[in-house]
Every structure is written in structure tokens, then in C-alpha cells.
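Good morning, and thank you for coming. Please look at the sequence and the structure as I show them, and I shall then take you through some of the features.

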Amino acid sequence: CGKIPYRIDIDQGNFITQTDLDRLSVGMTKDAVQRAIGTPAIQDFFNQDRWDYVQRFRDGDSQALQAGRVSLFFTNGLLSQIDAEQFNEITPEPLDYSTRDRGQ
Amino acid sequence: ETFTVEDVRVDGLQRITAGSFFNYLPVRQGDRLDEADFPQIIRQLYQTDFFDYINLYKEGNTLIVEVEERPVIGEIEIVGNKEIKTDDLLNGLSGLGISPGNTFDVAKLKQAERELLNVYHARSKFDVIIAMQENPLPDNRVQLNVDIQEGISARIQQINIVGNKAFSEKEILKKIDLSTTKWHSLFTKNDRYSGDKLRGDIAEIEAFYLDRGFLDFKINSTQVSLTDDKKGVYITVSLVEGLPYRVKSVDFVGTDAIDKAQLNDMIAFEVGDYYARKAVRETQQNIKNALGDKSYAFSAVQIIPDIDRENNEVSLTYAIDKGRKTTVRRIQFAGNYKTNDEVLRREMRQFESAPYNHTKIARSLERIQRLQNITSVTRKEVPVAGQPDQVNIVYEVTESLPRTITAGVGYGSSSGFLFNLGYETANFFGTGNTFAFDFNNSTETRQYSFTFTDPYYTENGVSRTFNLYYREQDEDEAEIGDWTSDNWGAFLRYGIPINEYESFRIGGGYRGIEIKTGDEVAPEIPDYLAENGERYDEFVFDFAWTNDTRDKTVFSTSGAVTRLNAEIVVPGSDETYYKLGARNRTYFGISDNLLLSVRGDLSYGDGYGSTEELPFFRNYYAGGLTTIRGFESNSLGPKWSNDDVRGGNLRVTGGAEVIFPWYLGQDAETVRVGSFVDFGNVYSDVDDFDVSDFRYSAGLFLIWRSPVGPLNLSYGVPLNEEDGDKIENFQFTIGVPL
Amino acid sequence: CSTVSEDKTLGWSVQRIYSEAKENLDGGSYRPARELYGKLLARYPFGRYAQQAQLDLIQLEYKDREFDQAIAQADKFLQLYPTSPYADYARYMKGVISYSRDVGIIDKLVPTNIAQSDQALMKKAFEAFQALVEQNPEGKYSEDAQLRMIFLNNINAEHEIYVAEYYLRRGAYLAAVNRAKYVLENYQTTPSAALALGVKVRAYRELNLPDLADDAMRVLTLNFPDEITANERLVHLLTGDLQKKRGFFSSIRQTLSTN
Amino acid sequence: CSGFFLGEPNLAEPEKLPSNPNEVNVSRHWQQKIGKGTADSTLRLTPKVIGDRVYMVSADGLLRAFSLDTGERQWQRQLGHAISAGVAGDTTSPATNSATSSTALVVGTENGVLMAFSSTDGSPLWSYPLSTEIIASPTVTNGRVIARTIDGQVTALTADRGEVLWKQDIGVADLTIRGNAEALNLGEVLLFTNGRGTITVLSIADGRPVLTAPVVIGRGMTEVQRIADLLATPTINEGVLFLSAYRHKTLAIDLQSGGLVWEQAVASALDLFADSRYVYVVDKDSIIYALNQKDGKVAWQSEVLKGRRISPLSGDGVHLLTVDMDGQLVALDSQDGSLLAYESVGKSRAHIAPLRFDQNRWLTFTRDGRLTQIELSAK
């Protein structure tokens with residue numbers, strides 16, 4: 001029985017959507033990108049001009065893993081390349097802590 | 001004009017050493033100085049707070065500094081204070097810099113007088129007279145005399161509500177704290193006026209009306225006046241009720257994040273009901289929580305009422321602005337000096353660098369609150385500077401006294417003196433495992449037990465527990481019968497969570513028991529031992545399912561815990577039998593601050609295979625502090641032929657407790673007082689079960705989690721005792737874990 | 001009903017009161033000592049004895065576990081005698097007191113790992129020592145203060161690594177990366193820097209971001225060539241099975257080592 | 001360690017009354033009891049003499065009319081409301097024969113409702129709900145009723161049908177002393193004093209504020225000490241207004257010029273009384289000060305009734321009358337404050353001054369509800 005023992009979902013990164021991505025266009029400044037789709041999950045210490053938007057979700061019950069990422073590259077401050085092949089739009093279904101709906 | 005300072009001379013220093021003074025004087029030998037800078041230097045020197053008088057002048061190229069040091073406070077004499085103890089006053093004064101050894105400053109004294117007056121007025125001593133006087137002592141010191149005439153504490157003579165039509169004054173006054181003197185005013189002091197209490201009460205009256213549809217409700221004026229002798233306080237509240245409104249319709253605007261269907265079932269009231277602000281706000285919070293579950297941490301939900309005054313109806317619109325999707329950047333814990341970071345972090349449902357989720361964050365708080373050595377936890381969400389879509393979360397915990405070593409002397413009204421030595425650490429050598437050693441010695445039982453638990457044997461919270469024990473039980477002391485038993489055993493159990501609130505435990509082990517009988521024992525026991533032997537070895541397999549939705553493990557205020565357990569002694573043991581148990585305790589909030597808790601307990605055991613019935617030494621007993629209060633411990637149910645208690649293999653008990661409100665307030669964490677009704681009995685077998693045999697008792701109980709150990713005290717009165725029942729109205733235990 | 005106890009110290013000289021107070025302090029009876037020092041300051045607020053009494057009060061409150069009072073006494077000393085030779089001692093004690101907690105006797109036997117407890121105290125102590133070193137770099141206590149500052153920094157960094165390791169075990173690789181990044185941004189001079197790089201290498205590999213992983217690995221091998229093989233904890237991070245919990249005894253050794 | 005619960009009040013211990021010198025005859029004509037009097041509250045319910053009758057109401061809502069001479073009850077009516085102010089009536093109207101010509105008797109209820117009754121038989125005329133509690137006796141003058149509620153609102157209504165004529169606000173303080181001063185009727189205008197130490201003069205015709213002037217600024221460290229409540233009903237003599245601010249000071253103001261004539265560091269919470277020469281102030285310990293009206297100097301002070309929680313004073317220029325804590329009507333010599341005589345008129349203290357309705361006849365009303373008519377005559 002896969003459901004036992006109970007494991008919680010492990011979600012990581014930013015769950016951006018295709019509509020978010022469509023707002024991006026080469027030449028945007030870093031600020032504009034951040035306003036459009038938010039702060040990236042990874043701003044690597046040694047790669048200041050590369051922003052990675054990572055999506056990762058491991059479902060507690062099924063242990064199935066959905067993962068994806070979008071990497072943005074900047075040259076002197078402007079967006080120069082969007083690598084979205086491995087983009088994976090994840091929309092986790094709502095939690096079912098409802099066995100006792102005591103919203104807090 | 002300017003001059004170079006060849007030398008600096010200081011006159012008048014007493015307490016301050018020259019070295020210290022030159023450290024504060026912003027002038028060195030050889031500096032070029034202009035007389036125009038003198039005022040600036042003097043101002044700087046005043047800031048040191050040491051001097052009453054400073055003067056600078058030039059004599060040739062020598063700078064002369066004349067100072068008069070402020071006097072130092074010597075003794076402080078306080079007379080006439082009864083309501084506030086002298087130590088507290090001295091601490092208060094030293095907080096303002098007025099204490100022996102400090103420099104004396106008239107301004108600070110005036111400020112102290114004002115603050116002391118306010119303290120007395122806050123305790124409704126409006127007629128207090130305070131005189132603070134400083135008299136000089138030799139060596140530039142002063143003695144402070146504080147003369148207080150406290151006067152009488154004013155009490156509320158009358159609270160007059162004007163303009164109430166829909167509800168009686170009595171009904172409204174019941175809702176607020178302040179009141180005229182009642183029998184309990186001596187303790188609750190609710191007949192003493194304070195501005196804050198009144199503001200709180202006004203808000204209560206407003207909430208009372210706004211929760212019953214009175215949208216136009218308004219407080220006209222609140223007038224507070226003292227009698228001229230300052231002994232009485234009169235409060236008059238004038239209000240305009242207006243008419244009650246019903247809700248005509250509910251609508252939502254900005255439904256891109258959550259669709260209307262979902263929003264509709266978040267509404268906490270029905271269209272057509274009277275408008276109730278509490279329910280309207282609850283709906284608002286439900287929407288915010290739902291948005292929080294979709295990572296919108298900074299959403300704004302506005303309630304826009306459209307009031308139709310002709311037919312007294314209001315249509316409500318919730319304007320939803322979801323804001324930006326938010327990520328949780330860092331989760332930090334504060335106040336954990338004894339508890340490892342990991343012990344708290346592994347309870348978290350929300351991860352760092354992950355989408356913000358309200359339910360996970362709220363549930364995490366509840367899980368930390370349920371940890372054994374945490375008494376309280378609060379959560380703060382701190383926006384990250386410069387990152388509008390990120391937030392840090394800080395959980396501030398207060399740890400309870402670590403029960404690392406407890407050498408407690410307990411006294412149970414039934415078990416006599418109890419000496420308990422226990423060592424437990426929830427973090428054995430930093431490994432996050434719980435290790436507990438327990439030695440209990442009372443007239444009734446002597447027990448050594450080792451327990452080793454790893455609550456996170458796997459990352460997902462599967463726990464593993466070893467338990468080893470040796471126990472000598474004297475049933476005579478427990479008023480059960482003139483026989484003793486030595487028990488020993490070793491068990492291994494695994495705890496496996498099923499979901500957020502349910503888990504089951506599976507395990508097994510070996511246990512042994514050896515029985516010796518005294519001469520006054522019931523004859524049936526030696527016959528049984530003669531037939532089956534005095535020593536029994538048992539191989540046990542046990543299983544338990546628990547659903548626990550309480551907000552706290554101790555002194556919970558909401559939710560319920562239900563437990564089903566089963567124990568089977570398998571073939572190969574000397575006796576083969578099984579035991580089943582079902583237990584439930586549920587907590588309800590009745591009125592806004594009254595708590596009801598209801599519990600039920602069913603235990604049944606029987607033999608199988610070659611064993612006809614449950615061996616007598618595994619029987620259930622009833623009566624006493626943990627089952628039916630008011631009856632002597634273990635005294636109910638079937639008896640042997642010599643009238644010793646025999647117990648039985650079916651026990652049904654239950655009860656209800658009402659927990660008094662005022663103790664839910666300030667010390668809800670440490671004290672619980674209430675009234676109870678207990679009922680139940682034990683039967684030799686299922687077919688003897690008869691509800692009319694139930695014993696009932698009622699009474700009062702007090703539980704205090706004192707620093708020394710829990711005190712459990714009850715005064716119970718049996719309602720339908722029969723002859724032969726042993727009564728024990730007053731029962732208590734100290735130091736025995738709850 | 002305030003009962004005024006007859007004050008037997010009325011006629012005493014300042015020497016008499018001081019020696020009586022010091023005796024009580026050394027004998028461990030703090031309450032009478034505190035009262036005597038208070039009387040001394042009230043009656044003879046000037047001169048050498050007053051300064052020494054004020055100094056002793058810092059030690060008294062610290063030994064009596066009244067940490068906040070101890071810091072208050074130290075501040076009062078620094079206000080009255082800023083240039084005294086003992087001022088350094090007062091500033092140093094402020095640092096030491098800041099991160100001492102009510103350590104029960106048991107904690108001597110079974111130490112709690114201060115890298116796992118609330119880090120706010122460490123930061124407060126760090127600032128106190130920093131003030132001391134800036135005020136008087138060559139002072140008697142400055143050298144020891146600087147050592148303590150390094151120790152405190154290491155503890156903070158160690159805390160971040162513990163959390164990163166936990167998140168690696170749970171498979172929250174992004175959380176681990178950002179914790180490691182925090183160490184590299186704030187504590188790059190601490191021994192934990194190597195471990196932080198190790199966390200980043202492993203997390204990027206798990207997240208299959210090979211080029212970022214290789215960058216981190218290059219910096220690691222460049223700066224800590226021998227650590228990669230010698231440091232057992234680093235090796236476990238790089239190649240070990242993350243799911244397996246730290247060995248029972250290895251975590252005990254780790255707790256003992258950090259204190 | 002006594003006073004465990006509430007502590008002792010900071011007020012003077014009551015002096016014992018010396019033996020009765022009986023230098024003056026104080027004779028009691030009649031005495032009537034009305035309901036429970038003012039019960040425990042501090043209200044200033046006061047009798048109203050109109051023509052040959054006196055009308056009185058008790059806090060538990062019993063309204064009664066008595067013949068002024070004989071004290072014989074004419075009629076009574078149970079109003080069914082807790083009464084906090086009254087009885088007010090128009091003394092200017094020439095109601096010679098009370099049995100036939102009716103005038104309005106006005107009372108205020110605890111719930112802020114103004115109620116009017118006919119003086120002939122007490123039948124109800126009208127009632128009007130004001131904003132909140134009324135504890136100062138309303139003023140009824142040339143066909144108008146002007147009432148002031150504790151929130152500082154002043155409302156004028158017609159005496160016959162209770163229609164609102166105008167409303168005005170004279171201001172209120174957050175924290176005051178229980179009790180409001182009565183308005184001084186100066187003919188075309190009414191003078192009000194409030195809890196913030198301010199005088200407001202309103203025109204009776206349209207309520208227009210003729211004058212508003214802060215007279216006393218509260219001094220002290222805390223909100224309680226800064227109370228400068230002018231709750232003592234002021235008094236006027238020859239164009240000079242005398243008023244007293246609670247536990248602050250007593251002062252005299254020239255109404256023509258508005259200038260301060262004098263001030264004296266003696267204060268009273270009780271209504272002031274002035275005769276031709278002095279203005280009399282009763283302080284918190286019931287010590288009586290006679291201040292010279294010209295310069296405010298203390299002509300004499302009498303401690304004979306110290307601590308006896310006496311009522312506001314009344315007098316006839318020669319004698320001073322007051323009621324003490326045991327319901328004794330005490331007569332003092334207004335020259336030097338010496339005790340002349342005393343006579344029992346009730347069982348408890350009184351919150352209003354003895355009411356002089358004739359050359360040497362007064363009406364007293366004590367808290368226990370006893371209305372007594374006394375006459376003062378020389379020996």
C-alpha cells in the first residue's frame with residue numbers, strides 16, 4: 001500500500017506558468033524580469049548573469065516526481081537567452097488536511 | 001579669539017576620577033581653541049548626566065573647568081505602601097535610574113512620581129497622595145523619602161446603558177468584563193475601573209450588536225465619572241441600536257485566483273440570515289487562507305456592504321486582490337535553547353525555497369505546539385527587503401522546564417507516597433532521539449523502566465521504540481487482594497503516520513508475570529494458581545490506531561483524540577487471550593469562553609483456544625482518579641467470595657467535564673479548574689453488562705502543572721453508590737505525570 | 001507591615017563593608033553579598049572601593065545566573081569608569097555573558113549542541129566582542145575576544161550547514177542550495193565553507209544542473225583540495241547515500257566536537 | 001496590615017457634634033417620606049415649590065405633590081422609571097391656585113428620557129428621549145424646558161408639548177466628577193459650567209452661544225489630577241460670578257468685563273452659596289470657608305462640622321443652614337461660623353442645600369427620602 005507510511009509533498013522553486021513565460025522577451029532588464037515572473041529560485045554565487053527558475057514537486061502518496069526548469073541568461077544586464085525546453089508547468093492539487101477543517 | 005591650550009585644570013571633582021573626566025572632555029593639551037566653542041563643550045559635558053553646574057574660562061593659556069557634581073543617591077526610604085510591595089517600587093525606581101549609587105536628578109524624580117501615580121490610578125486608587133522629597137546627606141549625597149498615602153480603591157458603583165431597546169441592560173452587561181461588585185470581585189477585581197478594560201468592553205458591546213445584524217449600531221458617548229470622594233466610579237454608555245439587517249446577497253470580485261464555486265462554500269453564513277460581523281469576517285479569513293494556499297501571501301480581501309435602508313437588507317461584495325505569488329525564503333526558530341533546530345524543523349510541512357502555503361504553515365505551528373517540551377509557539381511572517389515576492393517565517397517558541405531529571409515525591413490518595421526518579425531527554429546526545437529512564441517507588445508499585453524512542457526513525461516520521469521494564473506490584477496496597485506480582489517485559493514498537501492526524505502503531509514483545517499469595521487471599525486465586533501455575537510467560541502482539549486532531553497534547557482546547565487498540569497473546573504462551581480497547585475524548589467550545597470535554601472508554605478482554613476467560617491478573621478495575629472519581633481506587637465491580645475486588649473482563653467508563661472560563665484566560669497553560677460527571681463500571685463478562693449497574697459521580701477538579709510536577713486534585717460525590725461501594729471524596733496525586 | 005531589620009552595618013568603614021562583601025561573593029552567598037555591595041555604593045560612592053565594588057557586581061550577577069543584571073552592571077561600570085584599566089574586562093564580560101544560557105548541571109553531562117540552538121544569542125555576543133576589539137585593539141582581552149568572534153562565526157556557519165544537510169536528506173535541494181549560498185555570502189572564512197560548496201555540488205547534481213554543479217566542484221577542488229578526500233562529512237555530502245541518517249555514534253561525536 | 005481589600009479613604013475623620021447650644025429655635029412644621037429617596041446614588045434630586053404646593057420625586061420614580069403649609073399630600077404618581085434629575089418647574093408662571101391652573105413638572109430618567117407631568121394632578125403631558133443620562137435638574141422658564149445631558153448636549157423644548165426648539169453642545173471632558181452643575185438662569189441667557197473648566201452662556205431664545213470661556217486649566221501630573229470639573233453650581237451677586245473647580249480653586253469673575261476679580265486656593269464639589277457679604281465654600285473635609293466677595297480673603301473658616309460630609313449651604317444673611325451626615329439640620333452664625341443649634345430632619349446625609357422658599361422657612365430633602373419643612377426663629 002503506497003499510501004502508508006504517510007509522506008508529505010516536497011515542493012521546491014517557483015511554479016511559474018506558460019502565461020508567465022510568454023511575458024518574457026529578450027532585451028528586458030533584470031528588474032523587468034523580476035516584476036514579470038518573480039525572483040528566480042537559483043541566483044548562483046558564481047554565475048551572476050544566469051537566473052534559473054526551477055520547478056520540482058514530489059507527491060507524498062505516489063512519490064511521483066515532476067521537475068522542470070527555465071534558465072535565463074543576461075549579457076551586460078539585459079536578457080539575452082531564454083532556455084525553456086525543460087520547462088514543466090506544475091499545478092499541485094489542493095491539500096486534503098480536510099479530515100478536520102479547522103482553518104487557522 | 002583662539003588660543004592653544006597649554007594646560008587644563010579641573011575644579012570641583014569629587015566622585016568622578018580625573019581620568020574619567022578627561023575621557024569626556026573633548027579638549028586635549030595643544031588643541032587650538034576658540035572661546036566661541038565653550039557653549040558646545042559645556043553642552044557635551046552636561047550629556048554625561050554627572051554635573052549640575054559646568055563653567056569654562058581661560059586664564060592665560062590654561063583652560064579652567066569649574067564643575068559641581070550632581071549629588072549621589074544614598075538611601076531610599078519608602079513609607080505607606082501596601083498595595084505595591086517595597087521591592088517592586090525600588091525596582092521601578094531603579095528602572096528610571098533612581099537607585100543607590102546613581103546620580104540624583106530632579107527631572108527623573110518628577111517622572112518617577114508621575115509614573116507611580118499612573119500605576120496607582122491603573123489600580124483604581126484615584127485618591128492616592130505621593131510626596132517624594134530629597135534631603136541632603138554629607139559628602140554630596142541625598143536621601144530620598146517617598147511618602148505614600150494610598151487612599152481607597154474606587155469600585156464601580158453603576159454601569160448605565162442608555163438607548164438599548166432590542167436587548168436588556170442585563171443581557172448586555174453579561175457580555176462585558178467590568179461590573180459592579182460581585183461575590184468573585186475580590187479575585188477577578190472586575191469591579192475596579194481601568195481605561196483599557198473599558199475600551200475592551202466597548203469593543204465587546206459593538207461586536208455583540210454587529211454580530212446580530214445591527215449594521216447601523218453606534219456608540220454615542222461613553223461617560224466615566226468618579227464620585228467626589230473618589231470611592232465610586234459611574235460609567236454611562238449611550239448607544240443607538242438602529243435596526244437589524246438581513247443579508248440579501250453575497251458577491252465576489254477578482255475571482256481569477258479562486259473560482260466562484262469554491263468561494264461560495266467558504267461563506268460562513270446563509271443569505272437571508274441576520275448580518276453577523278463575526279461570520280462576515282470569518283468568510284474574509286477563509287478566502288485569505290485559500291489564497292494563501294495558492295501562494296498569495298500578501299492578498300487583500302475587502303468587504304464592501306451595500307446597505308438598503310428601506311427594507312433593512314445589505315448585499316455584501318468581497319473584493320479580492322490576490323497580490324503576487326510568494327516564495328518562502330528562510331524559516332528560522334527563536335527561543336530554542338534546549339531543543340535542537342532539527343527537532344523543530346522536521347515538524348515543518350512548509351519547506352524553504354518553496355511556494356508559500358498557508359495551511360502548511362499553520363499546521364506546522366500546531367505540530368510544534370504538540371511537542372512535549374514546548375509550552376507555546378508564535379509565528380511571524382517577515383517580508384524580505386527588496387524581494388516583494390519572498391517572505392521569511394520566524395517561529396518563536398518557549399520551552400517548558402526540561403524534564404531532564406525529575407526526582408519527585410508524589411502522593412496519591414490511593415497509592416500512598418510515591419518516589420519518582422526519571423531522566424528523559426528528547427535529544428539524546430544531539431541525535432534527536434528520546435531516551436527515558438524511569439524509577440517509580442510507591443507502597444503499591446516499584447518499577448524500573450527504560451524507554452528508547454527515535455521519533456524520526458525514517459525521515460517521514462516512522463518512529464521506533466524499545467521498552468524494557470521490571471515491576472513489583474503489591475495488590476494488597478492497591479486494595480485489590482492479598483497477593484503480589486512480579487512483572488517484566490521487553491517490547492519493540494513502530495509508529496507509522498497514515499495522514500496528518502492519523503497514525504497506527506504495530507509491535508510486539510515478551511512479558512512475564514509471577515504471582516505470590518498472602519494468607520488472607522481470596523480462595524479462588526490459590527486454586528487458579530494451583531491449576532495453572534504461579535508463573536506465566538506471554539508472547540504479545542499489539543496494534544493501535546490513533547486519530548488525534550487536538551490543538552495541544554496537554555490542556556487542549558479543541559479537536560478530539562480517538563484510540564482503538566488490540567493486544568493478542570499468541571499460542572505458545574502459557575495463557576492465550578486478547579484485549580481490545582476503544583477510547584475517545586472530544587473538546588467543544590460551548591459559549592465564547594466555556595469549554596466542554598466529553599470522554600468515553602471501553603475495554604474488553606477474553607481468553608481463546610485452551611484459555612476459557614481472561615486470567616484474573618489481567619482483569620480490568622474501575623474507580624479512582626483516572627476512571628470514576630469519588631469511588632475508592634479499583635474498588636468497583638465483581639468481588640471474590642471473601643469480598644476482595646475481582647475486577648472483570650469488560651469495563652465501560654466515561655464522563656464529561658466543564659472547564660471554568662476565567663482560568664482559560666491568563667494561566668490557561670498551567671491551571672485548569674472545572675466540574676465533572678463520571679460514570680461507568682466493570683463487569684465479569686459481556687452478558688453481565690447492565691447499564692443500571694453504572695455508578696455515577698459528580699464534583700470539582702483542579703489540575704495545576706506546577707514547576708515541581710503536575711497536581712491532579714478532585715472532590716467527587718457519588719450519586720448512586722450502593723452498600724459495599726467504598727467512597728473516597730477527596731483524591732489527588734502530585735508528581736504523577738498526567 | 002514592612003518590618004525594618006536592624007541594620008548592623010551602620011558604623012562600618014568602607015574597607016570593612018568591602019571585605020565582608022568580597023568574602024560573601026567568594027563564598028558563593030550572593031544575596032548577602034549583593035546587599036553589602038549595594039550599601040557600600042550607597043554610603044561611599046567615591047574612590048577605589050566604589051570602582052572595585054562595581055566591578056565585583058558584574059561577576060556576582062554572572063555567577064548568580066542573572067545574566068541581564070550582569071550586563072546592566074557592566075554597562076554602569078563602563079559609564080562611570082570608561083578609561084579605567086578594567087573597562088576592557090567589563091566589555092569582555094558583556095560578550096561572554098551574552099551567549100551563556102541557564103545551563104543546567106545536566107547539560108554539563110549531556111551538552112546541547114549550541115549550533116543547533118537559537119543563533120540570536122551568538123550574534124549578540126559577537127557584536128559585544130566586536131565593540132571591545134574596535135575600542136581597544138591591543139587590550140589584554142582583545143586577543144581572546146577575537147578568538148571568540150571566530151568561534152561564534154563558526155557556530156553560525158555550522159548551524160546553516162546542519163539545516164542544509166537536513167534539507168538534502170528530505171530532498172529539498174533548492175532549500176539546501178540557498179542555505180549553502182548564505183554561508184558562502186556571510187561566512188566564507190569559516191571551515192564550513194568547504195561543506196557549503198559540497199552541498200551545492202550535490203544539490204545541483206540532484207537537480208540535474210550539471211554546469212552549475214561543475215562550477216561549484218571546480219571552486220571546491222581549487223580551494224580545499226585535500227578536504228575532498230580527508231573530510232568524512234564532505235565525502236558523505238558529495239557521494240554518500242543522502243537518505244541514510246547520520247550514524248548514531250557519528251552524530252554523538254559531532255555534538256561533542258562542536259562544544 | 002489592615003485595609004487588605006480596599007484601603008482607608010484619605011478623608012478626615014468625622015468630628016462629634018458638640019452639645020446643642022440652642023441659641024436659635026429650629027422648629028419642624030411637617031415631614032413626609034417619598035419612596036426610597038435617592039437610594040445609594042449621588043443624584044441631586046431637589047423639591048420644587050410652585051405657588052402653595054411643593055412637588056418632589058424619588059430616585060425610584062415616585063412623584064408627589066404636598067401642600068406647602070401643611071405638608072398634606074395632594075396627589076402622587078408612580079412614574080415607573082429610575083429618575084436621575086428633577087423636579088423642575090416654571091416658578092415664573094403665576095400659578096396662584098395650583099388646584100386649577102396647571103404648569104409642567106419636568107423630570108429626567110436614568111435612560112435619558114425627559115418627562116413632563118401636569119402640576120394639578122400629575123397626569124403625564126409628554127416625554128422626549130435625549131441622547132444620554134440627565135443628572136442636572138433641567139431649567140423651566142417662560143414656557144421652555146432646557147435640559148442638559150451628561151455628554152454636554154443642551155436641548156430646549158416647549159414646556160407644553162415637548163417640541164424641540166434647539167440643540168447646542170457645551171463640551172465635556174473624558175474623565176469628570178459625578179454630578180453636573182445646574183444652569184444659572186440670567187433672564188435672556190443661561191450660564192452652564194462643564195467638566196473641562198469652561199463657562200458657556202447660551203441665549204434661551206435660540207440657543208446661540210453668547211460666550212464660551214475656559215476659566216480653569218487643570219493642573220497635575222495625571223489625567224485624574226488634571227480634573228478641573230466645575231460641578232459645583234455657581235452663584236451670582238451684583239454682577240460677579242463665583243464658581244469653584246474641583247480640588248483646584250474658587251474664583252470670582254466680573255460678568256461685565258469678563259475679568260478675573262480674585263481666586264482663592266480653596267475648592268468645593270458642592271453648590272456655592274453667597275449672601276450679601278461672603279461666598280461660602282465647603283471643601284472635601286466639610287470645612288466651611290467664608291470668602292469676602294470683594295477680594296476673596298478668608299473672613300473666617302469653621303471646622304465644627306469637619307468630616308461630617310455636610311450638604312451644600314443655604315442661609316438668610318444672618319444664619320447658615322446645612323444638613324450633616326446623620327440628617328441633622330445645623331444652623332451656624334454667618335458672622336463667624338459658630339454653631340447656633342441643630343435639629344434632626346432625617347436619617348442620612350443630603351445632596352442638596354436646604355431650599356429657602358420663605359423669609360425664614362426652608363425645605364430639606366435627605367437621602368433616605370425625608371422631605372421636611374423647618375422654620376428658623378430667633379430665641
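Predicted model: local features only at pLDDT ≥ 70, side-chain atom pairs only at ≥ 80, totals over all residues.

Chain A and chain D, by contrast, are joined by no contact. Their closest C-alpha atoms lie 39 Å apart.

Let us turn to chain C and its helices. Two packed helices are described by the angle between their axes and the distance between the axes. Please keep those two quantities in mind for both of the following pairs.

The crossing of helix 3 of chain C with helix 4 of chain C is left-handed. On the side of helix 3 of chain C, the residues in contact include C:Gln51, C:Leu55, C:Ile58 and C:Tyr62. On the side of helix 4 of chain C, they include C:Phe67, C:Ala70, C:Gln73 and C:Phe77. Sorted by class, this contact between helix 3 and helix 4 of chain C comprises eight nonpolar, four polar and two charged residues.

The next pair is helix 5, residues 87–98, with helix 7, residues 120–135, again in chain C. Here the packing angle is about 165°, with the axes 7 Å apart. Helix 5 and helix 7 of chain C are therefore roughly antiparallel to each other. Helix 5 of chain C also passes helix 7 of chain C in a left-handed crossing. Helix 5 of chain C contributes residues including C:Asp88, C:Arg91, C:Tyr92 and C:Val96, while helix 7 of chain C contributes, among others, C:Leu121, C:Lys124, C:Phe129 and C:Leu132. By class, the contact of helix 5 with helix 7 of chain C has seven nonpolar, three polar and four charged residues.

I now move to empty space. Rolling a probe the size of a water molecule over the atoms shows where such space is left. How many cavities of 30 Å³ or more does a search of the whole structure find? It finds 11. The largest cavity has a volume of about 120 Å³. Its lining consists of 20 residues, and those nearest its centre are D:Ile150, D:Thr176, D:Ile177, D:Gly179 and D:Asn180. Strand 10 (218–226) of chain B and strand 14 (175–177) of chain D each supply at least two residues of this lining. The lining has seven nonpolar, 10 polar and three charged residues.

Finally, two details of the backbone. The peptide bond from D:Gly86 to D:Val87 is cis, with omega near 0°, and D:Val87 belongs to strand 6 (residues 83–89) of chain D. In chain A, A:Gln63 has a positive phi, near 60°, although this residue is not glycine. A:Gln63 sits in the loop between strand 3 (50–58) and strand 4 (65–75) of chain A.

Key:
Residues numbered from 1 in each chain as written. Chains lettered and ligands numbered in written order. Heavy atoms only, no water. 1 Å grid on protein atoms, 1.4 Å probe; cavity = no way out; pocket = protein on both sides within 12 Å on 5 of 7 lines; lining within 4 Å. Points joined across faces, edges and corners; volume = space filled by probe spheres on them. Helix = DSSP H or I, 4+ residues; strand = E, 2+ residues; numbered from the N terminus. Nonpolar A, V, L, I, M, F, W, Y, C, P; charged D, E, K, R; others polar. Contact = heavy atoms within 4.5 Å. Left-handed = near helix turned anticlockwise from the far one by under 90°. Axes fitted to C-alpha atoms, helices over the stretch in contact; angles between N-to-C directions. Parallel < 35°, antiparallel > 145°, perpendicular 65-115°, else oblique.
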